Amino acid sequence: TNPLIKDLYQRKDGKLFETEDFYANPSDFTCKLKQYCTQADMLITGHSWSNGFPVLLGKEDFKEDFKPKVVADITCDIDEPIACTKRPTVIGDPYFHYDPTSESEISQPKEDSIWVMAVDNLPCELPKDASEDFGAEFMKHVVPELLNHQSKMIDRATIAKRGALNTPFEYLKDYVRH
């Protein structure tokens, strides 16, 4: 049994959780995420969800004992499985305010409102940021070394030189013979 799934869902009839049963009969299960939301200040989700599976957090779940003031719904499925995700947001305007009482987006935050970040292309943005940072570091540290023909760093990173294994990689000679 996948412990993460078992920790998030339970059978409605109280019987023992079985992963295969959950995937075969999702309507027989309910989500336990609400119980964790009585302790957390922020909820960040990156779930996989399909129609017919239990709702993670319904409209009523936000009305009492819901502590997080920020919900970052990376999956960004509108209305379900997380009811406060009313619309997608964008990187330039990444959040909106959700009012649990009216079950709707509001223009200004109030005491019990929740900040919802639902940037639907966020998973694409993260690799972009990582690539930009890697590229900047590569240009700063590696390119100058590539232009330096006496670079010890490039020599240590070079696997083969002049048709033979470079000294730091001679341990690979048995693999090269095959």
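**Notebook: surface, fold and selected residues**

I began with the accessible surface of the chain, which comes to about 11900 Å², with 54% of it belonging to carbon and sulfur atoms. Accessible areas come from the Shrake-Rupley method with a 1.4 Å probe, and for residues only the protein chains shown count as cover.

I note that this is a predicted model, in which local features need pLDDT of at least 70 and side-chain atom pairs count only at pLDDT 80 or more, while totals for chains, interfaces and linings use all residues. Residues are numbered from 1 along each chain as its sequence is written, and side-chain values use heavy atoms, with hydrogens and water left out.

**Entry: overall form**

I looked up the secondary structure and found six helices and nine strands. These elements are DSSP runs numbered from the N terminus: helices are H or I with at least four residues, strands are E with at least two.

I then turned to the extent of the chain. The radius of gyration is 25 Å, whereas a compact globule of 178 residues would have one near 16 Å. This radius is taken over C-alpha atoms, and the globule rule is 2.2 Å times the number of residues to the power 0.38. Along the principal axes, the C-alpha atoms fill a box of roughly 70 × 45 × 25 Å.

I recorded that 29% of the 178 residues count as buried. Buried means under 20% relative accessible area, exposed over 50%, and partly exposed in between (1.4 Å probe, protein chains only).

Among the contacts with a separation of 6 or more, 49% join residues 24 or more positions apart; a contact means heavy atoms within 4.5 Å.

**Entry: charges**

I found 21 positive and 31 negative side chains, with the centres of the two sets 7 Å apart. Lys and Arg count as positive and Asp and Glu as negative, while His and the chain ends are not counted. The place of a charge is taken as NZ of Lys, CZ of Arg, CG of Asp or CD of Glu.

**Entry: cysteines**

How many disulfides does the structure hold? I found zero, a disulfide being a pair of cysteine sulfur atoms within 2.5 Å. C31 is buried at 14% relative accessibility, and C76 is buried at 10%.

I also checked E20, which sits in helix 2 (residues 19–24) and is exposed at 60% relative accessibility. E20 and C31 are eleven residues apart in sequence and 16 Å apart in space, C-alpha to C-alpha.

**Entry: backbone exceptions**

Most residues other than glycine have a negative phi, and most peptide bonds are trans. I therefore listed D79, whose phi is positive, near 70 degrees, after the general rule on phi. D79 is partly exposed, at 36%, and lies in the loop between strand 4 and strand 5. P81 is found in the loop between strand 4 (70–73) and strand 5 (95–99), and a cis peptide bond with omega about 10 degrees joins E80 and P81.

R162 has a positive phi near 55 degrees. R162 lies in the loop between strand 8 (160–161) and strand 9 and is exposed at 77%.

**Entry: N166**

Is N166 buried or exposed? I found N166 buried, at 7% relative accessibility, in the loop between strand 9 (164–165) and helix 6 (173–177). Leaving aside residues up to four places away in sequence, N166 touches D155, T158, I159, A160 and K161.
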